[in-house]
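This report describes a protein structure for a reader meeting it for the first time. The sequence and the model are shown below, and the sections that follow take up its parts in turn.

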Amino acid sequence: MEIAVKSDIGRHRDLNEDSFFVEQNNDFTILIVADGMGGHLAGEVASKIATESINEYIKDNFSKIDIKSDLIENALKWANDKIYEKSSSDSSLSNMGTTCDAVLIVDNTAYIGHVGDSRVYLNRENKLRQLTKDHTLINDLIDSGSVSCEEAKYMKQKNIITRALGGESRLNVDKFEIELIGNDKILLCSDGLTNGVSDTDIKEVLEMEISAEEKANMLIYMSNASGGYDNTTVIIGEMR
């Protein structure tokens with residue numbers, strides 16, 4: 001797998017509260033994106049704890065937990081505990097939290113854990129599919145039938161997140177797995193990308209005949225060109 005990662009502060013923020021982690025070894029590949037939130041520095045702290053804790057948990061328990069979907073779920077819950085404990089013990093970090101997408105690839109199977117509104121996409125055979133579902137108030141209202149997709153476009157509550165690491169002592173994690181095939185492309189990204197760049201444009205970039213690193217740079221450029229109102233982080237993994 002060819003992997004590229006890029007994170008950018010954007011054009012309007014003083015701090016990059018996104019964190020990421022990437023590692024490939026003989027046993028597995030780990031890809032993580034976390035988008036922190038909270039008061040001054042708190043978001044940065046939360047996202048960093050998330051990426052470090054998930055990585056640590058997976059490495060410590062990879063050979064102990066056979067069901068890898070459980071491993072990825074437990075890793076996110078472990079990170080949630082760490083963030084919640086830190087937030088509860090330090091008033092300057094009160095109410096901090098972070099979104100998180102973690103992908104563990106073993107052989108040709110990707111095990112995905114998801115919380116929040118960062119996203120994981122799969123581009124396969126010229127089709128782009130959003131694998132994760134945004135945990136936002138808008139999505140909840142759409143699912144309940146309270147508003148239509150068209151009405152949701154004009155609502156002010158677009159960025160209200162309903163689920164995040166560190167928000168509560170107990171965490172519900174979306175987990176699932178997919179089999180990867182040759183030429184599949186996986187994209188992990190914070191909402192800084194998807195708030196400014198359409199799925200159509202993302203698909204076009206992923207299908208270009210350029211390196212994964214060039215694609216990551218181009219997506220960051222497009223995010224900033226659309227306004228750069230938020231931090232943007234992208235990880236691209238391309239199967240060979």
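## Ser-53 and its surroundings

Setting aside residues up to four places away in sequence, Ser-53 touches Trp-78, Ala-79 and Lys-82. The model is a predicted one. Ser-53 belongs to helix H1, and its relative accessibility of 7% is under the 20% limit, so the residue counts as buried. Between Ser-53 and Ile-3 there are 50 residues of sequence separation, and their C-alpha atoms lie 21 Å apart in space.

## Helix H2

Ala-79, one of the contacts of Ser-53, is among the buried residues of H2. Others in that group include Leu-71, Ile-72, Ala-75, Leu-76 and Ile-83, together with Lys-68, Glu-73 and Asn-80.

Five strands make up an open sheet with the order E2-E3-E4-E5-E8, and their pairing is antiparallel. Strand E2 (18–24) and E8 are at the edges; each has a single partner strand, so one side of each has no neighbour in the sheet. From one strand to the next, the twist averages 10°. In general, the strands of a sheet pair through backbone hydrogen bonds, either parallel or antiparallel.

Within this sheet, E3 and E4 are joined in the antiparallel sense by nine bridges. Ile-30 stands opposite Leu-104 in E4. Thr-29 is located in strand E3, which comprises residues 29–37. With a relative accessible area of 8%, Thr-29 is buried. Beyond its neighbours within four places in sequence, Thr-29 is in contact with Ile-3, Glu-23, Gln-24, Val-103, Leu-104 and Ile-105. Helix H1 lies across E2, E3 and E4, and runs at about 155° to E3.

## The largest nonpolar core

In soluble globular proteins, nonpolar side chains tend to be buried together. The largest nonpolar core of this model has 30 residues, of which Ile-54, Ile-58, Leu-104 and Leu-165 touch the most other members. The elements that contribute two or more residues to this core are E3, H1, H2, E4 and E5. H1 provides the largest share, with seven residues.

Which residues does Ile-58 contact, leaving aside its neighbours within four places in sequence? They are Phe-28, Ile-30, Leu-71, Ile-72, Ala-75 and Leu-104. Of these, Leu-71, Ile-72 and Ala-75 are buried residues of H2, while Leu-104 is the residue of E4 that stands opposite Ile-30.

## The sheet E1-E10-E9-E6-E7

An open sheet of five strands has the order E1-E10-E9-E6-E7, also with antiparallel pairing. Its edge strands are E1 (2–8) and E7 (127–130), each of which pairs on one side only. Neighbouring strands in this sheet are turned against each other by 15° on average, direction ignored.

Strand E9 (residues 185–189) and strand E10 (residues 232–238) are paired in the antiparallel sense over five bridges. Cys-189 stands opposite Val-234 in E10. Helix H6 (residues 199–206) lies across E6 (119–124), E7, E9 and E10, and it runs at about 125° to E7. Helix H7 (residues 212–225) also packs on the sheet, where it touches E1, E9 and E10, and its direction makes about 155° with that of E10.

## Cysteines

How many disulfides does a search of the whole structure find? The search finds zero. Cys-100 is in no disulfide, and the nearest cysteine sulfur, that of Cys-189, is 13 Å away. A disulfide requires sulfur atoms within 2.5 Å, so the 13 Å between Cys-189 and Cys-100 is too far for a bond.

Are these cysteines buried or exposed? Cys-100 has 0% relative accessibility and therefore counts as buried. Cys-189, likewise at 0% relative accessibility, counts as buried.

Technical notes. Residues are numbered from 1 along each chain as its sequence is written. This is a predicted model: local features need pLDDT of at least 70, side-chain atom pairs count only at pLDDT 80 or more; totals for chains, interfaces and linings use all residues. Side-chain values use heavy atoms; hydrogens and water are left out. Buried means under 20% relative accessible area, exposed over 50%, partly exposed in between (1.4 Å probe, protein chains only). Helices (H or I, at least four residues) and strands (E, at least two) are DSSP runs, numbered from the N terminus. Contact means heavy atoms within 4.5 Å. Two strands pair if DSSP finds at least two bridges between them. Axes are lines fitted to C-alpha atoms, for helices over the stretch in contact, and angles run from 0 to 180 degrees between N-to-C directions. A nonpolar core is a set of buried Ala, Val, Leu, Ile, Met, Phe, Trp, Tyr and Cys residues joined through side-chain atoms within 4.5 Å.
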